[in-house]
Amino acid sequence: MRVKINAVANSPVFPEAVDVIVIGGGIVGTSITYEMAKRGISVALFEKGVIGGEQSSRNWGWVRQQNRDLFELPLAMYSLQRWEELGSEIGIDLGFRRTGILYGTTQETDLARWEKWGKQAQAVGFHSQLLSAKEARERIGGSTSPWIGGVWSPTDGKAEPSLAAPALATGAQNLGANIQQQCAVRGLEISAGRVAGVWTERGLVKAGTVICCGGAWSTRFCQRHGVELPSANILGTAFKTTVAPEVVKGCLSTPNLALRRRLDGGYTVSMPGRGRLDLAPQNLRYAAKFYPMYRSKLAKKLKFRLNGSFFSGPEASGSWAFDGVSPFEKIRVLDPAPDAQILREAIAEIERELPELRGIAVDHAWAGWIDTTPDLVPVIDKVEKLPGFVIASGFSGHGFGIGPGAGKLVTQMVMNEQPYTDFAPYRLSRFQDGSAIRQPQMM
């Protein structure tokens, strides 16, 4: 694989029956499994590849509240609290540090948006600092751009994607959860109209609740059971640099760069908004629902391609039998090649923007598929037509930061407890009941 992640050992005994099954070993799936195990619930997690092998180890590593959709902000705020607690609870470093997140701009429209958003965010308890031109230039020291302002969120932070999901899985396992990797879930076992377990490549495992956290694969899994989960997978590229001077302590966002200072002395770098969308049956199926997003400026930097994804992978069409090889076994880990053009342009932009980093180079690069909903807000919901089936997917590139909050919220949902925030913004039915699809907010 193009990413390096901490390994997790499989549980020694394959389960026959549990109370809850989690499909997918990314940050959301491992967070849910950990919260369930912490409550003493009998839970098993099944991952077709390895824990954290796909987007949860391929993201930027940002843990932020600033510039979230206001629907997502409660998830982000609770997640920051959990990120702070998890390392000591589990006894493993997740790489989380509250080092702040800084945005700089040369556009008056950005300042106006940030000011408006900041006032709305204060109503739910989040405070950030709008920066003047002088303050932005002081904080983005050594930069060559004529910054007219920025925004600084000192309570935001960062974590290490290579460490986080494996740490959560290990923590859950230490509390009694069963972890099985290289074991795909082929489909749901349904009895008397409700979920009764899952069919894995190693056989049937019984459970009364099944939670789908399959990321880029979730929609294809759901379609196998007649559940419509509108999603498009967008390919993002990022890379680790060689060791370089510390000009940024935490995270920095400019119009053309996103940088996170790593624990190993390099930076994780990407170019905001740049990516690729492959034309495939799934994307075409839901194209009308994505129309507002494609019209927004968020999609202006995307490339569109027609290639082999049309016939294989998470966005292809076709069914399969539960006693035969599924699409999830044919591709254990999505490990696409990074976009070489983005790598070249990003290095050139770093050297132009931050002269102190001249000579910096790509140490290694990767790409990952980001499961994206039409309004960029996740789906966290019970599926009404299939009692016992829960979806926690479509995190639209924000799952790493808000995964711990989602883990708690899903646990409260399954346990029928009072949630720490309203479930309504994350309901699946918003894409099916005739509601107008919101244009993506902030992000």
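Guide: In this predicted model, five elements each supply at least two residues of the lining of the largest cavity: the helices α1 (27–38), α6 (218–223) and α11 (399–414), together with the strands β19 (362–372) and β21 (389–393). The largest share of that lining, 4 residues, comes from β19. A search of the whole structure finds 1 cavity of 30 Å³ or more, and about 590 Å³ of space lies in the largest cavity.

The lining of the largest cavity comprises 43 residues. Those that lie nearest the centre of the cavity are Glu54, Cys213, Gly214, Gly215 and Ala216. Sorted by class, the lining has 21 nonpolar, 17 polar and 5 charged residues.

Of the contributing elements, α1 may now be followed along its length. With its 12 residues at 1.5 Å a residue, α1 should span 16 Å, and its end C-alpha atoms are 16 Å apart, so expectation and model agree. The helix α1 is also mostly covered, since 11 of its 12 residues are buried, that is, under 20% relative accessible area. The buried residues of α1 run from Ile27, Val28, Gly29, Thr30, Ser31 and Ile32 through Thr33, Tyr34, Glu35, Met36 and Ala37. Just after α1, Gly40 takes a positive phi of about 85°.

Conventions:
Residues are numbered from 1 along each chain as its sequence is written. This is a predicted model: local features need pLDDT of at least 70, side-chain atom pairs count only at pLDDT 80 or more; totals for chains, interfaces and linings use all residues. Side-chain values use heavy atoms; hydrogens and water are left out. On a 1 Å grid over the protein atoms alone, a cavity is a set of points where a 1.4 Å probe fits but cannot get out, and a pocket is an open set with protein on both sides within 12 Å along at least five of seven lines; lining residues have an atom within 4 Å of a point. Grid points are joined across faces, edges and corners, and a volume is the space filled by probe spheres set on the points. Ala, Val, Leu, Ile, Met, Phe, Trp, Tyr, Cys and Pro count as nonpolar, Asp, Glu, Lys and Arg as charged, and the others, Gly among them, as polar. The expected span of a helix is 1.5 Å times one less than its number of residues. Buried means under 20% relative accessible area, exposed over 50%, partly exposed in between (1.4 Å probe, protein chains only).
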